Amino acid sequence: MTTAEDRIDALEKAFGPLDDPANPRGTAALLAADEKGEVLPAAEQVLDAFDLNAEFVPVEVGGRLDRMDVLGRILRPVFRRDASLGFGYGLNCFFATTPVWTAGDAGQRGLAARLLLGGRRVAVARHEVAHGNDFVRDEFTARTVPGGLVLDGSKSAIANASRATGLVIFARTEGAARGRSHTVLLLDRDELPPDRVEDLARRTTTGMRSTEFGGLRITDCLVPGSAVIGSVGDGYELSLRSSLLIRGLIPSIVLAGADTALRTVARFAARPREDGRSSLDVQHVRDVLTGGFLDLLVIDCLALVATRALHLLPRQMSAYAAAAAYLAPKLVTESMDEMSSVLGEETFAQDGAYGMFQKQRRDLPVTSLGHAGSAGRQVSILPQLPYFARHAWFADPEPPPELFRPYGPLPPLDLSQPVLLGDGDPLSASLVASTDLLEAAGGPGDEGEGGPTLRFLARALTGELVDLKKAFEKVPQGDREALSNPYSFGLADRYTLVLAGAAALGVWREQRRAPAPGADAFLASPAWVTAVLYRLVRRLGLPLPDRPADCERLALDEAMARLHNRRSYDLYSSPLA
């Protein structure tokens, strides 16, 4: 039986080197397909042979999904190359079927599994959101009649609309009470009357141009009551519960694209000029590359915590998934803006060695679900913070150490367990514990690079948590008006940066305490975590110690070594084709 590491390595090797001009699945071929708005057939054939859809199906119904952290890693070889391929081929199928895995009955779970394991696709038509945009604002309606429900309406932007056999439709239920306005249906398109279903025109997009965002119209179509996932009116709750699974994967897919972008820029910066020098001789260039690498490390710390918490902390993980999905695209967007200053005019290349940077930058807003997704994640966090301030911060115990171990075992995945509002914040408790440890005489921060600096930075983050506690203790529980003003949104942003620091410190502590066999010694060094925390504290606008230049130099050395040795820019330093 192959291990997860075997599967990840096999998929990477099957794609071949991205920078090989002769590779039919390399940069040139992918950019040419993207220019035409087509998915590269040779790349889809790799995923067919790998049976990628099995990764989205829980093991208990015949698939391979048993660990969310592993699923995030398996997606990375795909998204390093082409977000359209990763999203359009399979990840959208997982997004579509999450309501089935979380609340479907045995028959519905069996249908979804058969479709995916049989190589079919499942598409999702989500409900309209008030804070959305015109790209997603139309909908289906469903009314209850004898014998089932009558489905009617249209949606103009559904990924894989015409390619999908399975349809998961969020439909507005007529006459429903507030909060019960939508119902979720699982349908097999092959069983619907052909004259009731019509494909609409494809929509063009600036990012992920090869993904088919097409429309679908269904006209007065009777569907059986057995198609309802959960109960009539459960749509809003199911959408929120599904987001708990989906959000934990967002950091992995944006990290993968940013990995390719950073690698492209690093290769550009390292190329020798006629005078024998290179762009790496410029301090600004070194700072950009160092910062980009450090941001990817902290994003992966958040990805690790968000996905492993589904197994270990299902009653506390909702804030971590939302924070990870909110902060990762934000950091990558800012990092790519800085990288573009290094590439200069090559930033706008549509083909050639540097065209992939432009593609990854263009795809990012779509893969991260854009502005509405960002605001929605903050809205998910904010109602929990007054409770944490009163009952959790500086009172909760630390999380289990397995939360921070990239290769550690996990309990079985039970998708019925995660809850929307957490009853504690053990990740913040780990920040307090890390700070106490560093403050103690003989703590690990006294060894190697950055000891006093790391203590200062950890203390600053803990002080920020103190300030957040004071601020949210003043907010009455359930006071929506107080939580919806710009000040509260700014505090939520600061909270995500505190969580990022807690996650990075937790990963570093576990690498020192219980390193995995063959683990990279770089992660056990305090250099990277000191440099990461410095960036986070600077983002918060807090007082800073002297810049940890030696730590940043070691981080840049690591980034360039991974470029030349073809290793990934994440916690795993995985081999690349």
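This is a predicted model: local features need pLDDT of at least 70, side-chain atom pairs count only at pLDDT 80 or more; totals for chains, interfaces and linings use all residues.
1. Buried here means under 20% relative accessible area, exposed over 50%, and partly exposed in between, with a 1.4 Å probe and protein chains only. Helices (H or I, at least four residues) and strands (E, at least two) are DSSP runs, numbered from the N terminus. On these terms, helix H2 (residues 27–36) has Thr27, Ala29, Leu30, Leu31, Ala33 and Asp34 as its buried residues. Helix H11 (355–367) is among the elements that cover them.

2. Residues are numbered from 1 along each chain as its sequence is written, and side-chain values use heavy atoms, with hydrogens and water left out.

3. Overall form. The protein chain has 20 helices and seven strands. Its C-alpha atoms fill a box of roughly 75 × 60 × 45 Å along the principal axes. The radius of gyration, taken over C-alpha atoms, is judged by a globule rule of 2.2 Å times the number of residues to the power 0.38. For 577 residues, a compact globule would come near 25 Å, and the 24 Å of the protein chain agrees with that. Of the 577 residues, 60% count as buried. Contact means heavy atoms within 4.5 Å; among contacts between residues at least 6 apart in sequence, 76% join residues at least 24 apart.

4. Nonpolar cores. A nonpolar core is a set of buried Ala, Val, Leu, Ile, Met, Phe, Trp, Tyr and Cys residues joined through side-chain atoms within 4.5 Å. The largest has 167 residues, of which Phe94, Phe472, Tyr495, Trp528 and Leu533 touch the most other members. Not counting residues up to four places away in sequence, leucine 533 touches Leu454, Leu457, Ala458, Leu461, Gly501, Ala504 and Leu505. A second, separate core has 22 residues, including Leu167, Leu185, Leu192 and Ala227. In soluble globular proteins, nonpolar side chains tend to be buried together.

5. Helices H8 and H20. The axes of helix H8 (residues 250–270) and helix H20 (residues 549–565) come within 10 Å and cross at roughly 95°. Axes are lines fitted to C-alpha atoms, for helices over the stretch in contact, and angles run from 0 to 180 degrees between N-to-C directions. H8 is therefore roughly perpendicular to H20, as angles under 35 degrees count as roughly parallel, over 145 as roughly antiparallel, 65 to 115 as roughly perpendicular and the rest as oblique. H8 contributes Arg263, Ala266, Arg267 and Ala270 to the contact, and H20 contributes Met560, Arg562 and Leu563. By class, this contact has four nonpolar, no polar and three charged residues. Here Ala, Val, Leu, Ile, Met, Phe, Trp, Tyr, Cys and Pro count as nonpolar, Asp, Glu, Lys and Arg as charged, and the others, Gly among them, as polar.

6. Threonine 264. This residue is found in helix H8. Threonine 264 counts as buried because its relative accessibility is 5%. Its contacts, not counting residues up to four places away in sequence, are with Ala353, Tyr354, Met356 and Phe357.

7. Positive phi. Most residues other than glycine have a negative phi. Asparagine 160 has a positive phi near 65° and lies in the loop between strand S3 (148–159) and strand S4 (166–173). At 1% relative accessibility, asparagine 160 is buried. Aspartate 220 also has a positive phi, near 40°, but its place is in strand S7 (residues 213–223). Aspartate 220 is partly exposed, at a relative accessible area of 39%.

8. Arginine 120. The loop between helix H6 (106–117) and strand S1 (122–125) holds arginine 120, which is partly exposed at 38% relative accessibility. Arginine 120 touches Asn53, Leu115, Thr165 and Asp190, not counting residues up to four places away in sequence. Its C-alpha atom is separated by 33 Å from that of glycine 408, 288 residues apart along the chain.

9. Leucine 497. Helix H17 (residues 486–513) contains leucine 497, which is buried with a relative accessible area of 4%. Leucine 497 touches Leu327, Leu536, Arg539 and Leu540, not counting residues up to four places away in sequence. The C-alpha atoms of leucine 497 and alanine 157, 340 residues apart along the chain, are separated by 33 Å.
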